[in-house]
Structures are given as C-alpha cells and as structure tokens.
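Dear colleague,

I am passing on the structure we spoke about, together with some notes on what turned up when I went through it. Please have it open beside this message as you read.

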Amino acid sequence: MSNKCPFHQPVPEGGDPFKAARESTGVLHTEFQGRAVPMILSHEGVVATAKDWQRFSSDAPVRVPIPSEEDVRTVRQYPLEVDLPEHHDYRKTIEPFFNRPKDPQMIAAVEAVVDSLIDGGLAKPDLEIVHDFAIPLQSRALAILTNAPEGDADLWISWGTHVFRDKEGKSKGFFLEHYCAELLDRALENPRDDLFTALTRMEIQGRPLTREEQLGYLNIVFAGGRDTIIHTITGVIGFFGEHRDALLGLRERPDLFNLASEEFFRVLSPITHIGRVLPEETEVGGRIYAENERVSLCWASANRDAKAFPDPDMVKLDRKMPRGPPRPPDYANPHRKTGNPPRWHPHPLDETPSRARTRLRANTRI
Ligand code: HEM
C-alpha cells in the first residue's frame with residue numbers, strides 16, 4: 001500500500017494537513033492503495049462534488065469508503081452505495097427505523113442509558129471513557145434504535161471500537177457479515193418487533209428485499225454508526241475536560257445545544273473522507289483521471305475551510321453553520337444538526353435525542 005496517504009503523514013504545525021492545498025488549488029493529488037486519488041478539499045468543492053452524482057457516483061459496492069472494503073465485506077451498503085433515483089427508494093424503505101430517535105419513548109430510553117452510565121462512572125475513582133462510557137452508550141443506544149434484545153448490546157460492546165479492523169488496521173475478516181446473517185436467520189425463526197425482522201419483511205419497488213440487500217442495510221448500521229459515535233462522544237468529553245468554562249457556559253445556554261453539537265461534528269469530523277467513483281474519464285483539479293478511478297470528498301478539510309467557517313481552528317459553540325446544499329423537496333429536513341456540510345438527505349444522526357446530550361453535558365465530573 002502506498003505511504004502517500006495524507007492521514008499517515010506527520011501533522012504539520014497548526015494541525016491542519018490540508019490547509020496549504022485547500023487554499024491554493026482546493027485539490028490534493030495523492031495516492032491511496034497504490035492508486036492516484038484527487039482529494040477535494042474546499043467546502044464549496046466538496047458540496048459541488050457531492051451533488052454531482054452523475055459524474056461522481058456512489059454506485060460502487062465496497063468502494064465508497066477509502067480505503068475500500070473488499071477485505072471486510074461482500075455486500076453493498078444500502079442506501080449509501082446507491083445513486084439517485086434508486087437511492088430514494090432504498091432510503092424510504094429504511095426510514096421508519098431511522099426516524100425512531102424522534103419517538104419520545106426512544107428518547108427516554110436513551111436518556112436512561114446515559115443516566116445509568118454517568119451514575120456508574122461517578123461511583124468509580126476513574127473512568128476509561130472509550131470502553132467504559134462511549135462504547136456501551138453507542139451499543140446500548142443502537143439496541144434501542146433497532147429494538148434488539150438488550151443482551152445483544154452486551155455482545156456489541158465486546159467488539160471494541162471498530163467492527164471491521166483491529167487497532168493496526170488489519171481486517172477482522174467477514175465476521176460482521178456472518179453475524180448479520182445469523183441475526184436475519186434468528187428473525188425468520190423467531191420474529192420480533194425489531195429491525196432484523198422488519199428487514200426480512202420489507203419491500204422495495206414492489207418486491208421483497210433480497211438477502212444481500214438486508215445484509216447491506218445491517219452492515220452500515222453496525223459499521224457506519226460505531227467508530228463515528230465513539231469518536232464524537234469521546235471528543236466532546238475530552239473538550240469539556242480541558243475547557244470547563246465552556247461546559248459551565250453551555251449549561252446556562254440550553255438554546256445553544258444544537259449549534260454546539262454541529263460545531264463538535266465540524267471540529268471532530270468523525271468521518272474524515274469518503275469516496276466517489278468516476279463513471280467515465282474525468283478532469284479533476286487540472287488532471288485527467290480514468291474511468292473507475294476514485295475521488296475523495298474530504299469532510300475533515302471542508303470543515304476547516306475559512307471561506308465557510310471563519311476562524312476555522314477555533315471551537316465556537318455558538319457558531320452559525322453555513323447553509324448546506326439545496327435539497328430535493330422530499331429530502332428536506334428541518335432537524336439537520338451535523339456540521340458535515342455536503343449531505344442533503346436526513347440521517348440517523350440528525351435526530352439524536354437532545355436531552356440525552358443535555359444530561360451528558362451537564363455532568364462536569366466526567
Ligand atoms: C457522528 C456520527 C456519524 C457521522 C459523522 C456520520 C457521517 C456520515 C456521512 C458523512 C455520510 C454520507 C456519506 C456520503 O455522502 O457518501 C453518512 C451516511 C450514512 N450513515 Fe452516517 N454518520 C454517523 C453516524 C451514523 C449512525 C449512528 C448510523 C446508523 C445507526 C449511520 C448510518 C448511515 C447511513 C445508513 C448512511 C447512508 C445514508 C444515505 O446514503 O442516504 N451513521 N454518514
């Protein structure tokens with residue numbers, strides 16, 4: 001594998017490895033997995049590229065994430081790795097579950113998990129925030145979202161921070177895919193009111209989902225919603241650990257919770273970048289890239305673009321976010337909370353129960 005990956009180079013002074021390239025051409029021509037890949041770095045460029053799905057496509061199983069994931073899954077992730085217009089149908093199919101975080105019962109259930117983790121943490125002399133707090137919170141909240149039996153969350157907690165790779169980045173194999181297949185078999189044998197049973201019964205375009213599609217939905221639910229959430233929770237707690245005044249100030253201003261959350265997603269950029277595939281030969285940043293090569297949308301760089309975010313290296317918990325790209329009307333979502341600019345569809349994260357965050361923030365001892 002090429003060692004040109006910009007994420008594996010020494011971090012320059014100021015902590016922003018993309019600043020120079022972003023402010024000159026807006027594109028960094030680099031390599032991943034031995035292939036030339038242009039990284040789109042500016043906020044404007046990332047937004048424009050994300051919208052231009054005909055030229056920069058997500059219709060590429062296992063190749064939307066960079067590095068690609070052929071060594072960890074065989075299934076296409078739905079609805080991520082599908083372009084419009086089919087993307088719309090794949091999204092609508094799963095939305096009833098992803099809309100559950102608006103449900104007051106789900107909010108109360110997640111709050112109870114947060115409360116119990118905080119109380120448990122306060123009873124100990126020390127708390128290791130990744131394993132004793134963030135991972136249990138992520139896994140138990142996912143069990144609530146999917147309506148899985150609580151015991152399932154205990155297993156998910158044991159998986160650690162990543163489901164695909166170990167700490168060295170080596171593949172853990174296809175264990176997640178096998179596990180998801182077992183969940184679907186279990187759902188067929190013992191139907192419950194959970195996501196797994198629902199997937200075995202869902203239809204798309206008037207036909208039942210195939211097993212591959214069912215697995216593809218579950219794959220991103222387990223993989224996409226894990227290290228992102230763990231990274232965010234630990235990042236927020238780390239920030240408040242170092243900036244107690246900010247925590248106390250925010251406690252007085254609950255009206256700022258949503259803006260503060262967006263600012264944390266901007267600064268932490270839990271997904272650093274993601275790919276698009278070129279359906280045909282395309283010029284990107286002044287160079288020609290062949291059909292089937294990939295382009296990276298670098299959220300982490302776009303989120304530090306001074307043209308979109310003045311004083312981008314400062315954490316301003318009352319920062320007003322720039323408007324995202326225009327959305328097709330039936331994707332419009334008044335609850336958008338993430339700072340990742342170039343999404344124009346609602347996202348499970350958009351509805352994170354706000355009171356659970358309140359309880360988390362209100363606790364100054366963690
Ligand atoms: C801090 C947490 C998270 C961040 C920063 C994040 C970020 C993102 C981004 C940037 C995309 C768009 C990728 C693209 O356009 O190619 C995406 C898509 C997606 N994420 Fe997340 N995510 C987070 C948590 C979650 C969670 C908790 C789940 C599920 C339980 C989830 C499931 C998905 C799905 C299903 C998609 C595809 C959506 C679509 O294509 O319409 N994510 N996420």
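Overall picture

Among contacts in the protein between residues at least 6 apart in sequence, 66% join residues at least 24 apart. Leu 297 belongs to strand S8, residues 294-297, and it counts as buried because it has 24 C-beta neighbours inside 10 Å, where 20 or more are required.

Please bear in mind that this is a predicted model. The mean pLDDT of the protein is 88, and 87% of its residues reach 70 or more, but over residues 326-366 pLDDT stays under 50, even though the model has 84 contacts beyond four places in sequence for that stretch. Where pLDDT is low, the predicted coordinates should not be read in detail.

The nonpolar core

The largest nonpolar core has 27 residues, and those with the most contacts inside it are Ala 134, Leu 137, Ala 141, Ile 233 and Phe 264. Two or more residues are given to this core by each of helix H4 (104-122), helix H5 (129-146), helix H6 (150-158), helix H10 (227-242), helix H11 (244-252) and helix H12 (257-268), with H5 giving the most, at 9 residues. In soluble globular proteins, nonpolar side chains tend to be buried together. If neighbours within four places in sequence are left aside, Ala 141 is in contact with Val 110 and Val 113.

How H5 meets H6

The helices H5 and H6 pack at an angle of about 145°, with their axes 8 Å apart, and their crossing is right-handed. On the H5 side the contact is made by Ile 135, Pro 136, Ser 139, Arg 140, Leu 142 and Ala 143, and on the H6 side by Glu 150, Asp 152, Ala 153, Trp 156 and Ile 157. Sorted by class, this contact of H5 with H6 has 7 nonpolar, 1 polar and 3 charged residues.

Backbone details to look at

Two cis peptide bonds deserve a look, the one that joins Ile 66 and Pro 67, with omega at about 0°, and the one that joins Tyr 78 and Pro 79, again with omega at about 0°. Pro 67 has its place in the loop between helix H2 (43-51) and helix H3 (86-98), and Pro 79 also lies in the loop between H2 and H3.

Which residues other than glycine have a positive phi, and are they buried or exposed? One of them is Gln 205, with phi near 50°, placed in the loop between strand S3 (203-204) and strand S4 (207-208). Gln 205 is exposed, because 8 other C-beta atoms lie within 10 Å and the limit for an exposed residue is 12 or fewer. Another is Ser 269, which has a positive phi of about 40° although it is not a glycine, and whose place is in the loop between H12 and strand S5 (274-277). Ser 269 counts as buried, because its 22 C-beta neighbours inside 10 Å meet the requirement of 20 or more.

With best wishes

Methods. Residues are numbered from 1 along each chain as its sequence is written. This is a predicted model: local features need pLDDT of at least 70, side-chain atom pairs count only at pLDDT 80 or more; totals for chains, interfaces and linings use all residues. A nonpolar core is a set of buried Ala, Val, Leu, Ile, Met, Phe, Trp, Tyr and Cys residues joined through C-beta atoms within 7 Å. Helices (H or I, at least four residues) and strands (E, at least two) are DSSP runs, numbered from the N terminus. Two residues are in contact if their C-beta atoms, placed from the backbone, lie within 7 Å. pLDDT is the predictor's confidence in each residue, from 0 to 100. Axes are lines fitted to C-alpha atoms, for helices over the stretch in contact, and angles run from 0 to 180 degrees between N-to-C directions. A crossing is left-handed if the near helix is turned anticlockwise from the far one by less than a right angle, and right-handed if clockwise. Ala, Val, Leu, Ile, Met, Phe, Trp, Tyr, Cys and Pro count as nonpolar, Asp, Glu, Lys and Arg as charged, and the others, Gly among them, as polar.
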